[in-house]
2 protein chains.
Amino acid sequence: MSDLQIRDIAILHGASEEFFTKLESVGNERKLDKGKIVFIHEEQAENFYILMAGWVKLFRETADGAQSIIDILPAGHTFGETPIFEDGLYPYSAEIVEPSVVISAPLSLLKEELQSNNELSMNMLKHLIRYKRGQDRELEHMTVQNAPQRIGCFLMRLADSDSKGPVTIHLPYDKTLLAARLGMQPETFSRALAKLKEQTGIRVKGAVVELDNLEQLINYSCQVCSSEFPCKDVVSLK
Amino acid sequence: MSDLQIRDIAILHGASEEFFTKLESVGNERKLDKGKIVFIHEEQAENFYILMAGWVKLFRETADGAQSIIDILPAGHTFGETPIFEDGLYPYSAEIVEPSVVISAPLSLLKEELQSNNELSMNMLKHLIRYKRGQDRELEHMTVQNAPQRIGCFLMRLADSDSKGPVTIHLPYDKTLLAARLGMQPETFSRALAKLKEQTGIRVKGAVVELDNLEQLINYSCQVCSSEFPCKDVVSLK
DNA sequence: GCTCTTAATTGACCATGGTCAATTCGCAGA
DNA sequence: TCTGCGAATTGACCATGGTCAATTAAGAGC
């Protein structure tokens, strides 16, 4: 929340000063409320977006109308930039899920910068590769972790991973959405959270979770996983 | 199988002629048998690899010794190149699963080319983004498709997607491995394949699958998915 | 404060797929 | 052709999580 600046956006590191200047003049910054659709799947893509505050859900709809969550991004991420490299259509829909601040700017601006600035391309490569590693882990989690473990793993990663003592975690968005993000039904989420409570001694009050130390969660959730204890490489979630 | 050349490797499109020349002189081409480990997870990375023929499994080991499959790549793919952008360690192990031909070359060669050639960086970005789309789909499949549907989806994508008439598909590697690749146990795979047989009328004889037309499979497998019928964007599997 | 709407929880039941054990199949090597 | 070993299949059973319905909790607007 601490005022994020355009030049802090990690995926844009390496962009030229001219790029940031143009972005400031031509970019359009708006506050958007929960529920606002930024763009929809298969739409012709004109702009890319930078999330300066809040949370945005990227998703697709299946034939029967259900949603399939691609990711839920925190502030500091860009989205809707991939049509530069593809067919010019958005590969997913984007919906604001918490009050947010979003900058939009023409894809052409980013495309031209990428074409003329290898440093930016390399930096984007770096970020994509890190993201891929996170996704690999996510896919692994879906098969090796059960529902309570997935929740524990998520909570663990939301917390400051190096704090020794008691921790307080605020769930960043609705439990229903969190359930979908973790690939389970809301009912399963509710029950799994209850089980996690009795297994690890965490305390849950609404959207606030308290625990005495992270060790408990780590032991419970990370045991089955291929990564060492504090799961370093994982899709960003805060 | 039809003699692949270095210059055909899609992810290297855009590399300079000097790069390919150096690659030819300094690269080391070897035939490798099934079971051969190319490198292991967390090992210091010296080389990247190009798979000219065969299949390679990328995987990690979980605490209890089980394997978590990251991907199983067909000829034409590179692997072990990401340490360039990370900590210099391989993020997974690589094992040959069918008789293969592999070229190895120093990571520094690729790194220098990337640093001086934006066209190559852009092309790699394009490929990674396409791959990400595939992984998004893969993750979706894990939650919306059941076991027989996942197998059907896989078979469908192995076949020539535009052939109208009868199709013959050869499973590219062991069923046990295929099961792991699709995120299920061998027993489940066996039963799911049997169910797919009775539901769609495909005929299975060992590693050979025959069907009268793809429509049957498409109807059965793609119904629940967020993509239109022939699932375009998906992790490459042939 | 009250009302309405949506989120969250809980219960009962069931389908899917995992586990363990026992065969059977298929192929490489003698 | 026979043998032996790993792959594949099949059966029986069970754990996990999905589904549907009912109930409770929480938050926004008046």
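Student: Which element gives the most residues to the surface near DNA strand D?

Tutor: This is a predicted model, in which local features need pLDDT of at least 70, side-chain atom pairs count only at pLDDT 80 or more, and totals for chains, interfaces and linings use all residues. Residues are numbered from 1 along each chain as its sequence is written, with chains lettered from A and ligands numbered from 1 in the order in which they are written. Elements are DSSP runs numbered from the N terminus: helices are H or I with at least four residues, strands are E with at least two. With five residues, the top contributor near DNA strand D is α6(B).

Student: Which residues come closest to DNA strand D?

Tutor: A residue is near a strand if its C-beta atom, placed from the backbone, lies within 6 Å of it. By that test 16 residues surround DNA strand D. Two or more residues each come from α6 (186-200) of chain A and from α5 (175-181) and α6 (186-200) of chain B. The closest are Asn146(A), Thr188(A), Lys175(B), Thr176(B) and Ser190(B).

Student: How does the surface near DNA strand D divide by class?

Tutor: Ala, Val, Leu, Ile, Met, Phe, Trp, Tyr, Cys and Pro count as nonpolar, Asp, Glu, Lys and Arg as charged, and the others, Gly among them, as polar. The surface near DNA strand D has five nonpolar, six polar and five charged residues.

Student: Now DNA strand C. Which element supplies the largest share of the surface near it?

Tutor: Around DNA strand C there are 16 residues, and Lys175(A), Thr176(A), Ser190(A), Asn146(B) and Thr188(B) come nearest. The elements giving two or more residues are α5 (175-181) and α6 of chain A, plus α6 of chain B. By class, this surface has five nonpolar, six polar and five charged residues. The largest share, five residues, comes from α6(A).

Student: Which element gives the largest share of the side of chain B that touches chain A?

Tutor: Two residues are in contact if their C-beta atoms, placed from the backbone, lie within 7 Å. On that basis, 35 residues of chain B touch 36 residues of chain A. At least two residues each come from β3 (47-61), β4 (67-74), α2 (107-116) and α3 (118-144) of chain B. The largest share, 18 residues, comes from α3(B).

Student: How do the residues on that side of chain B divide by class?

Tutor: The side of chain B that touches chain A has 15 nonpolar, eleven polar and nine charged residues.

Student: Within chain A, which element gives the most to the side of domain 1 that touches domain 2?

Tutor: Chain A is divided into domain 1 (6-116) and domain 2 (139-222), with bounds from an automatic or database domain assignment. Their centres, over C-alpha atoms, are 28 Å apart. The contact takes seven residues from domain 1 of chain A and five from domain 2 of chain A. With three residues, the element that gives the most on the domain 1 side is β4(A).

Student: Which residue is the bridge partner of Thr168(A) in β9(A)?

Tutor: β7(A) and β9 (residues 208-211) of chain A pair antiparallel over four bridges. The partner of Thr168(A) is Glu210(A).

Student: How many bridges pair β3(A) with β6(A)?

Tutor: Tyr49(A) stands opposite Ser104(A) in β6(A). The pairing of β3(A) and β6(A) is antiparallel, and the bridges number eleven.

Technical notes
Two strands pair if DSSP finds at least two bridges between them.
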